[in-house]
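This report describes selected local features of one structure, shown below.

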Amino acid sequence: MSIDQKTVTAHLLRDRMKLLAYIGSIVRDHHIAEDVLQEVSMLAMEKADQIKDAETLPAWLRTAARFRSFKAIEKRDRLPALMDADLLDLIEPQWREVDALSMQETNKLMHDCVAKLAPSAQKLVELRYGAGLSITEVASKLERKRDTLYKTFTRIHAALARCIKLSGGA
């Protein structure tokens, strides 16, 4: 059995932000992430009849997004991905659990967990994700080293993942 394009479209509309966040975590550039999302969406529509069922669609989309993201980085001669393939393999089980959450539940969990961060970490999250600044732009704005911010964001992401897991989100 396979799915149809209507099912793919419904899923993409419902969980667009989840997939965009996943892609963004790899490519670290909003415009590239949007491009990759479009490519993956078109690919899913073309190959809908080859996707087993609606339950496997989120994992199929992430796998396609991963490969397209790495290809986009390579093609555009960008910085290395924030998360490499091995790390993405490690967190795939958590993504599967997040697939079951609605976007509203996901947003509430994330909001609650960000509120538990130290004020300095909250400010970094707001600049990076709220204002849409790149790590380089955040570093420049705060007059901090970019490499230091990458390490800080790694710790912030880990803290958020722990919080979400403890809150029952993953």
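## Two loop residues

Glu143 is placed in the loop between helix 8 (135-142) and helix 9 (146-166); helices here are DSSP runs of H or I with at least four residues, numbered from the N terminus. The phi of Glu143 is near 55°, a positive value in a residue other than glycine. With a relative accessible area of 75%, Glu143 is exposed. The accessibility classes are buried for under 20% relative accessible area, exposed for over 50%, and partly exposed in between, using a 1.4 Å probe and protein chains only.

Arg28 lies in the loop between helix 2 (16-27) and helix 3 (30-46). Although Arg28 is not a glycine, its phi is positive, at about 60°. Arg28 counts as buried, at 16% relative accessibility.

## Basis of the values

The model is predicted: local features need pLDDT of at least 70 and side-chain atom pairs count only at pLDDT 80 or more, whereas totals for chains, interfaces and linings use all residues. Residues are numbered from 1 along each chain as its sequence is written, and side-chain values use heavy atoms, with hydrogens and water left out.

## Salt bridges

How many salt bridges does the structure hold? There are 3, where a salt bridge is a side-chain nitrogen of Lys or Arg within 4 Å of a carboxyl oxygen of Asp or Glu. One of them joins Asp15 and Arg14, with the closest N and O atoms 2.9 Å apart. Asp15 counts as buried at 6% relative accessibility, whereas Arg14 counts as exposed at 52%.

Another salt bridge is formed by the side chains of Arg16 and Glu34, at 2.6 Å from N to O. Arg16 lies in helix 2 and Glu34 in helix 3, so this pair ties together parts that are 18 residues apart in sequence. Arg16 is partly exposed, at 30% relative accessibility. The side chains of Arg68 and Glu39 also meet in a salt bridge, at 3.5 Å from N to O. Because Arg68 lies in helix 4 and Glu39 in helix 3, the pair ties together parts 29 residues apart in sequence. Arg68 is partly exposed, with a relative accessible area of 27%, and Glu39 is partly exposed, at 26%.

## Helix 4

Helix 4 comprises 19 residues (residues 57-75), which should span 27 Å at 1.5 Å a residue; the expected span is 1.5 Å times one less than the number of residues. The end C-alpha atoms of helix 4 are 26 Å apart, which agrees. The buried residues of helix 4 include Leu57, Leu61, Ala64, Ala65 and Ile73.
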